[in-house]
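Here is a short briefing to read with the model open beside you.

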Amino acid sequence: MKNTRAVGTDYEKQAAEYLETRGYHILEKNFRCRMGEIDLIAEEDGYLVFIEVKYRAGTQMGEPQEAVNFRKQQKISRAASYYCLRHKISPQKPCRFDVIACMGGEWTIIQNAFDYIQ
């Protein structure tokens, strides 16, 4: 049996492959800094996209995307700011936050899942 991190890594890899078939160009996987972590960073349709990957085996814990609560959004937002600063990305570059959720083998992409949170 795989531990939670190994399962998460497997689903992040699958999510990246799925997103690439949908026109996303994956720039980075598992970006980590003091502010938090971003599962996937991609470019899609002119946007820099910060993507959270969520997986659930069933609905007993709710829909996967429901796990991206305010606190998680805040951490992702801060990590995204740091990523942009570190990579000298222009403040004019359009960015968005997507969530890709997998449940029962079905993938759902939620574009603009949340706004940047200070």
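Leaving aside neighbours within four places in sequence, which residues is Glu44 in contact with? They are Gly23, Tyr24, Val49, Arg96 and Gln111. Glu44 lies in strand β2, and with a relative accessible area of 13% it is buried. Please keep in mind that this is a predicted model.

**The chain as a whole**

- The secondary structure consists of 2 helices and 5 strands, and along the sequence these follow the pattern α-β-β-β-α-β-β.
- The chain has 118 residues, of which 38% count as buried.
- Its accessible surface comes to about 7,200 Å², with 47% of that belonging to carbon and sulfur atoms.
- Among contacts with a separation of 6 or more, 56% are between residues 24 or more positions apart.

**The sheet**

- The 5 strands form an open sheet, ordered β1-β2-β3-β4-β5, with mixed pairing.
- β1 (25-33) and β5 (106-114) are the edge strands; each has a single partner strand, so one side of each is left without a neighbour in the sheet.
- From one strand to the next, the twist averages 30 degrees.
- Strands β2 (residues 36-44) and β3 (residues 47-56) run antiparallel and are joined by 5 bridges; Ile41 has Phe50 in β3 as its bridge partner.
- β3 and β4 run parallel, with 9 bridges joining them; here Glu52 has Val99 in β4 as its bridge partner.
- β4 and β5 pair in the antiparallel sense over 6 bridges, and Ala101 has Thr108 in β5 as its bridge partner.
- How many residues of strand β4 (residues 95-103) are buried? The count is 7 of the 9, so β4 is largely enclosed by the rest of the structure.

**Aromatic pairs**

- A search of the whole structure finds 8 aromatic pairs.
- Tyr11 and Tyr55 form a stacked pair, at 3.8 Å centre to centre and with 20 degrees between the planes.
- That pair links distant parts of the chain: Tyr11 is in helix α1 (residues 4-21) and Tyr55 is in strand β3, 44 residues apart.
- Tyr11 lies in helix α1 and Trp107 in strand β5, so the pair ties together parts that are 96 residues apart in sequence.
- Both Tyr11 and Trp107 are buried.
- Ring pairs also link Phe31, Phe50, Tyr82, Tyr83, Phe97 and Phe114 into a cluster; one of its members, Phe50, is the bridge partner of Ile41.

**A charge over a ring**

- Where does the charged end of Arg96 sit? It sits over the ring of Tyr47, 5.1 Å from the ring centre.
- Arg96 is also among the residues in contact with Glu44.

**Backbone angles to look at**

- Asp45 has a positive phi of about 55 degrees, although it is not a glycine.
- Asp45 lies in the loop between β2 and β3 and counts as exposed, at 67% relative accessibility.
- Asn112 is another residue other than glycine with a positive phi, near 50 degrees, and it lies in strand β5.
- Gly104 takes a positive phi near 60 degrees in the hairpin of β4 and β5, which has 2 residues between the strands.

- Starting from Tyr11, you can go to Tyr55 in strand β3 and to Trp107 in strand β5.
- Starting from Glu44, which is buried, you can go to Gln111 and Arg96, both of them contacts of Glu44, and from Arg96 on to the ring of Tyr47.

Methods
Residues are numbered from 1 along each chain as its sequence is written. This is a predicted model: local features need pLDDT of at least 70, side-chain atom pairs count only at pLDDT 80 or more; totals for chains, interfaces and linings use all residues. Side-chain values use heavy atoms; hydrogens and water are left out. Two strands pair if DSSP finds at least two bridges between them. Helices (H or I, at least four residues) and strands (E, at least two) are DSSP runs, numbered from the N terminus. Axes are lines fitted to C-alpha atoms, for helices over the stretch in contact, and angles run from 0 to 180 degrees between N-to-C directions. Buried means under 20% relative accessible area, exposed over 50%, partly exposed in between (1.4 Å probe, protein chains only). Contact means heavy atoms within 4.5 Å. Accessible areas come from the Shrake-Rupley method with a 1.4 Å probe; for residues, only the protein chains shown count as cover. Rings of Phe, Tyr and Trp (its six-membered ring) pair if their centres lie within 6.5 Å; planes under 30 degrees apart count as stacked, over 60 as edge-to-face and the rest as tilted. A charge sits over a ring if NZ of Lys or CZ of Arg is within 6 Å of the ring centre and within 35 degrees of the ring normal.
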